[in-house]
Amino acid sequence: MRVLLVEDDTMIGEVVRDTLKDESYAVDWIQNGLAVASTLKAQPYDLILLDLGLPGKDGQEVLSSLRARHDDTPVLIITARDALSERLRGLDGGADDYILKPFKMEELLARMRAVLRRKGGQASPVLSNGVLSLDPATREAVVCDGAAVVLSGREFALLQALLIRPGAILSRATLEDHIYGWGDEIESNMVDFLIHALRRKLGNDVIQNVRGVGWRVSKGS
Ligand code: CA
């Protein structure tokens, strides 16, 4: 999952970025509202964490221009503005959820999981293609009612990217985008390494290679 963090407060930004990295999200952080549009043009994101009081361009304006461009990237607003009218304006303006500062990271993470789940059209918190299931809250994978296997952060990030859209083929570059943010050093064989590790833990058949194109998990039943 690749997340764009838009937050001008350095202390909050650092805490959020570091916590999300620890949780194996790929995170890019910008501090100016004006930088959002060009950043989104260069790289698709699974989720935007958007502060409202931003230099350059206010968060509410960032959100409305995003939706005016028909960009439906999920947006979770993080802000100290607690006036009801502000909250309603954010939600009516196309935000997917809202969290007030100060917040606990556990709550932010849970709200992010809920937003991402709704984006994937899933009511259940557990991702599944009928064969393989994955619980984002615990990073546990289960194949065909077998025993739960705990995945490493990066194994989880890769498998989650595939399992959000069962049947879709993801290229090496797309998978890397879900694992690494800006400034992260990309290890050239990381995708192969993770696929190998996942097959060893979950069985050879769970992830299929489509030669020259990428990898997928089956669409299931
Ligand atoms: Ca701010």
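Is Asp96 buried, partly exposed or exposed, and at what relative accessibility? In this predicted model, Asp96 counts as partly exposed, with a relative accessibility of 35%.

Five strands form an open sheet in the order 2-1-3-4-5, and their pairing is parallel. Strand 2 (26–30) and strand 5 (97–100) have a single partner strand each, so one side of each is left without a neighbour in the sheet. From one strand to the next, the twist averages 20°.

Strand 3 can be followed through both of its pairings. With strand 1 (residues 2–6), strand 3 (residues 47–51) pairs in the parallel sense over four bridges. Within this pairing, Leu4 stands opposite Ile48, and Val3 has Leu47 as its bridge partner. Helix 3 (residues 59–68) packs on the sheet and touches strand 3 and strand 4 (75–79). The direction of helix 3 makes about 145° with that of strand 3. Strand 3 and strand 4 run parallel and are joined by four bridges; Leu50 finds its bridge partner, Ile77, in strand 4.

How many residues of strand 3 are buried? The strand is mostly covered, with five of its five residues buried. The cover extends to both faces: Leu47, Leu49 and Asp51 lie on one side, Ile48 and Leu50 on the other, and all are buried.

## The calcium site

The calcium ion is coordinated by Asp8 (OD), Asp51 (OD) and Gly53 (O), at 2.1 to 2.3 Å. Along the chain, the donors of the calcium ion follow the spacing D-x42-D-x1-G. Two of these residues can be described by their accessibility. Asp51 has a relative accessible area of 3% and therefore counts as buried, whereas Gly53, at 33%, is partly exposed.

Strand 6 and strand 7 (residues 132–135) run antiparallel and are joined by two bridges. Leu127 stands opposite Leu134 of strand 7.

## Charged side chains

Side chains of opposite charge can pair when their charged atoms come close. The model contains twelve salt bridges.

| Pair | Closest N to O distance |
|---|---|
| Asp184 and Lys21 | 3.0 Å |
| Arg67 and Asp96 | 3.2 Å |

Asp184 is partly exposed at a relative accessible area of 22%, and Lys21 is partly exposed at 33%.

The salt bridge between Arg67 and Asp96 links helix 3, which holds Arg67, to the loop between helix 4 (84–92) and strand 5, which holds Asp96; the two residues are 29 residues apart. Asp96 is the partly exposed residue of the opening question.

Glu187 belongs to the loop between helix 7 and helix 8 and Arg154 to helix 6, and 33 residues separate them. Glu187 is partly exposed with a relative accessible area of 32%, and Arg154 counts as partly exposed at 30%.

Salt bridges also link Arg2, Asp28 and Asp177 in a network.

Glu176, in helix 7 (residues 172–179), presents another case. Glu176 is buried yet has no salt bridge. The nearest side chain of opposite charge is that of Arg172, 5.1 Å away, while a salt bridge requires a nitrogen and a carboxyl oxygen within 4 Å. Leaving aside residues up to four places away in sequence, Glu176 touches Ile186, Ser188 and Val191.

Technical notes
Residues numbered from 1 in each chain as written. Predicted model: local features only at pLDDT ≥ 70, side-chain atom pairs only at ≥ 80, totals over all residues. Heavy atoms only, no water. Pairing = 2+ DSSP bridges. Donors = N, O, S within 2.8 Å, 3.2 Å for Na, K, Ca; no water. Buried < 20%, exposed > 50% of the residue type's maximum accessible area, 1.4 Å probe, protein only. Axes fitted to C-alpha atoms, helices over the stretch in contact; angles between N-to-C directions. Contact = heavy atoms within 4.5 Å. Lys, Arg positive; Asp, Glu negative; His and termini not counted.
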